[in-house]
Amino acid sequence: MQLHSMWEHYPELKTDLADVLQTIEENIQIRDKRVEENIKVLIHAGGKLLRPAFALLSANLGPDYDRDRAISVAAALEVLHMATLIHDDVVDESSIRRGKPTINSKYGNHYAVYTGDYLFTICFKILSKHSDSISNIEFSSKNIEKILMGELDQMRTRYDLNVSVKAYLARISGKTAQLFALSCYSGAVSSKAPRALAIKAWNIGHYLGMAFQIIDDVLDYTSTDDGLGKPVLNDVLQGVYSLPLIYAMRGHKQDFKPLLSKKAEMTDADLRELTTLINRYQGTAQAFELAGKYTKKAQKEIAKLPKGAYRDQLSALTNEILTRQI
């Protein structure tokens with residue numbers, strides 16, 4: 001079972017993450033074998049598995065640590081993440097995900113939508129085996145709603161030249177940070193951590209998620225297709241304006257209008273010119289600086305956790321989010 005090379009530095013976590021993937025695969029049983037096979041390809045396509053990793057580490061916060069329960073919670077969260085990715089690919093008309101053809105590009109949007117829906121049910125199937133009460137599942141449902149609302153906000157603001165930094169941060173708070181926060185919180189709750197520690201885990205996950213998405217958006221302007229595992233600058237073609245562009249446009253909107261007015265018809269030359277403008281006006285540099293601030297907030301909260309190897313690993317992974325190149 002192939003895991004991302006980053007986990008070579010965390011051998012115990014690597015073993016747990018391998019069991020997370022095994023748990024997911026064991027629960028994928030669908031009559032249409034084409035869909036089943038494509039889900040399994042996505043499972044083993046080398047995703048970083050950060051969300052389940054943070055859930056597993058946060059499971060050390062409580063007095064009632066149970067490895068099987070922690071693995072199941074982490075697996076459910078990764079399945080939820082996979083479902084949102086598949087739906088994202090439909091909306092964005094993406095052809096590549098994690099370096100592999102997307103389900104929608106191979107079989108069409110209908111197959112992809114139903115596959116994503118199927119994974120939502122698998123998420124709750126796995127979670128229900130270890131849920132201590134209905135309220136825990138309701139909590140997860142409410143947070144899934146917030147994740148989906150973040151996606152809707154993204155659609156609502158497409159091609160909006162007036163999108164603000166505040167609106168962007170609100171969008172990624174729901175779209176990305178919510179799932180990171182839920183991962184850390186759910187891991188803590190799975191081991192019956194005190195409420196104060198569980199809330200602290202939530203805050204750590206939120207800051208991590210904000211930093212992760214900002215860096216992801218920076219990489220969209222600084223990476224190659226092969227390095228990132230998905231088409232670069234696809235977001236801007238789809239009208240999703242992220243933080244580097246938003247920062248660069250402040251006070252210079254007229255410079256960007258001729259390019260952005262072309263919307264999805266922008267050429268490769270247009271995209272290169274757009275990237276040049278963003279660098280000229282320090283868009284990526286300002287975005288990276290803000291990601292650093294969120295990382296420092298996460299580290300400050302991590303330092304308040306009880307000492308242990310898990311805390312050291314949380315801190316190290318937090319730094320890797322800021323310095324990652326893919």
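This is a predicted model: local features need pLDDT of at least 70, side-chain atom pairs count only at pLDDT 80 or more; totals for chains, interfaces and linings use all residues.

**Helices, core and loops**

Reader: OK. Where is Gln299?
Author: Gln299 sits in helix α15, residues 283–302. Helices here are DSSP runs of H or I, at least four residues, numbered from the N terminus.

Reader: Is Gln299 buried or exposed?
Author: Gln299 is buried, at 17% relative accessible area. Buried means under 20% relative accessible area, exposed over 50%, and partly exposed in between, using a 1.4 Å probe and protein chains only.

Reader: What is Gln299 in contact with?
Author: Leaving aside neighbours within four places in sequence, Gln299 is in contact with Ser315, Thr318 and Asn319. Contact means heavy atoms within 4.5 Å.

Reader: At what angle do α15 and α16 pack?
Author: Helix α16 covers residues 309–323, and α15 packs with α16 at about 175 degrees, their axes 10 Å apart. Axes are lines fitted to C-alpha atoms, for helices over the stretch in contact, and angles run from 0 to 180 degrees between N-to-C directions.
Author: The two helices, α15 and α16, are therefore roughly antiparallel. That label is for angles over 145 degrees.

Reader: Which residues of α15 make that contact?
Author: Among them are Phe288, Ala291, Gly292 and Gln299 of α15, and the α16 side includes Arg311, Leu314 and Leu322. The residues of the contact divide into six nonpolar, six polar and one charged. Here Ala, Val, Leu, Ile, Met, Phe, Trp, Tyr, Cys and Pro count as nonpolar, Asp, Glu, Lys and Arg as charged, and the others, Gly among them, as polar.

Reader: What about Ala291, buried or exposed?
Author: Ala291 counts as buried, at 0% relative accessibility. Leaving aside neighbours within four places in sequence, Ala291 is in contact with Ala211, Ile214, Ile215 and Leu322.

Reader: New topic. Which residues touch the most other members of the largest nonpolar core?
Author: Trp7, Ile214, Leu245, Phe256 and Leu274 do, out of 108 residues. Helix α9, residues 195–222, gives the most to this core, with 14 residues. A nonpolar core is a set of buried Ala, Val, Leu, Ile, Met, Phe, Trp, Tyr and Cys residues joined through side-chain atoms within 4.5 Å.

Reader: And what is Leu245 in contact with?
Author: Setting aside neighbours within four places in sequence, the contacts of Leu245 include Tyr221, Val236, Phe256 and Leu274.

Reader: Which residues of α13 are buried?
Author: In α13, residues 253–260, these are Phe256, Leu259 and Leu260. Seen down the axis of α13, the buried residues fall within an arc of 85 degrees, so they line one face of the helix. The arc is that of the directions from the helix axis to the C-beta atoms. On the other side of α13, Gln254 and Pro258 are exposed.

Reader: What covers the buried residues of α13?
Author: The cover includes α11, α12 and α14.

Reader: Last one. What is phi of Leu49?
Author: Phi of Leu49 is near 60 degrees, a positive value in a residue other than glycine. Leu49 lies in the loop between α2 and α3, and Leu49 is buried at 5% relative accessible area.

Note on methods:
Residues are numbered from 1 along each chain as its sequence is written. Side-chain values use heavy atoms; hydrogens and water are left out. Angles under 35 degrees count as roughly parallel, over 145 as roughly antiparallel, 65 to 115 as roughly perpendicular and the rest as oblique.
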